[in-house]
Amino acid sequence: MNREAIKAWLLDLFYPNRCGCCGVFIPWDQLLCPDCAASLQPVQVCPHCGKIPCNGQEALPYSRVYVAYAYADRAKDGILSLKRGHNLNFAMHLGKVLGDQIPAGAYDCIVPVPMNRQRLRERGYNQAERIGAAMGTYCGLPVRKDCLIQRQSKIRQHELGAKERQEHAKLYEASEQRLDGLRILLCDDVLTTGSTAQRCAQLLRQMGAADVGFAAGCTSIRKCRPEHDRSYQAKEK
């Protein structure tokens with residue numbers, strides 16, 4: 001066993017390993033229980049906007065979106081487990097699933113969506129960083145946490161509506177770093193309205209990034225009228 005495997009085995013003696021989605025006890029060298037692993041099905045999203053179905057937006061600051069699962073059922077349980085600080089197994093699982101989608105040599109580094117200092121102290125970690133780190137290990141890409149900043153806010157984003165999320169996204173700011181000519185893979189746990197991802201991608205481009213892709217562990221299933229769906233419009237034509 002390598003050093004990480006030995007560490008995981010020893011840790012399991014004192015803190016038995018649990019499934020990253022449902023929380024049942026599992027062997028030390030697994031991330032999910034067989035039932036949860038079997039229930040998680042890859043999702044087909046619009047590669048332009050990352051939604052189900054396409055939201056019809058033409059101009060976006062990221063060129064390509066990668067998503068592992070729809071934000072529902074066991075995948076939603078896994079994300080909530082991450083957000084509540086219960087279990088990091090799902091972050092490692094998402095890193096591998098997303099890593100399988102990333103073309104070799106397409107990006108130079110991974111930049112996770114940041115978390116403000118107060119929230120980071122409360123949770124103990126940034127789930128986007130954990131997913132990014134797992135993806136970076138799998139793809140052989142460095143993770144940069146010095147590019148973006150989130151200003152302090154007492155508001156929790158999941159409590160906001162679409163318009164409020166757009167305003168809340170302004171809390172994200174660029175650092176003094178330069179990214180001239182670099183191809184950046186921005187990552188987060190969930191893609192909801194896209195306000196955060198778009199704001200962060202815009203900042204990365206302003207910092208000189210030549211290209212920005214976006215990877216999300218899950219994407220919410222969008223409810224819309226048929227006339228706003230590109231796939232629907234294509235069928236009608």
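Visitor: How many disulfides does a search of the whole structure find?
Guide: In this predicted model, a search of the whole structure finds zero disulfides.

Visitor: Is Cys 147 buried or exposed?
Guide: Cys 147 is buried, with a relative accessible area of 0%, and Cys 19 is buried as well, at 1%.

Visitor: Switching to helices, how many residues of H4 are buried?
Guide: Nine of the eleven residues in helix H4, which spans residues 89-99, are buried, so the helix is largely enclosed by the rest of the structure; among them are Phe 90, His 93, Leu 94 and Val 97.

Visitor: What covers them?
Guide: The cover over the buried residues of H4 includes strands E1 (64-70) and E6 (211-219), together with helices H3 (73-83) and H6 (127-139).

Visitor: Now E5, which strands does it pair with?
Guide: Strand E5 pairs with E2 (residues 109-112) in the parallel sense over four bridges, Val 111 having Leu 186 of E5 as its bridge partner, while eight bridges join E5 to E6, also running parallel.

Visitor: How does the chain get from E5 to E6?
Guide: The chain crosses through helix H8 (residues 195-206), and this β-α-β crossover is right-handed.

Methods: Residues are numbered from 1 along each chain as its sequence is written. This is a predicted model: local features need pLDDT of at least 70, side-chain atom pairs count only at pLDDT 80 or more; totals for chains, interfaces and linings use all residues. Side-chain values use heavy atoms; hydrogens and water are left out. A disulfide is a pair of cysteine sulfur atoms within 2.5 Å. Buried means under 20% relative accessible area, exposed over 50%, partly exposed in between (1.4 Å probe, protein chains only). Helices (H or I, at least four residues) and strands (E, at least two) are DSSP runs, numbered from the N terminus. Contact means heavy atoms within 4.5 Å. Two strands pair if DSSP finds at least two bridges between them. A crossover is right-handed if, with the strands pointing away from the viewer, the path from the first strand over the helix to the second runs clockwise.
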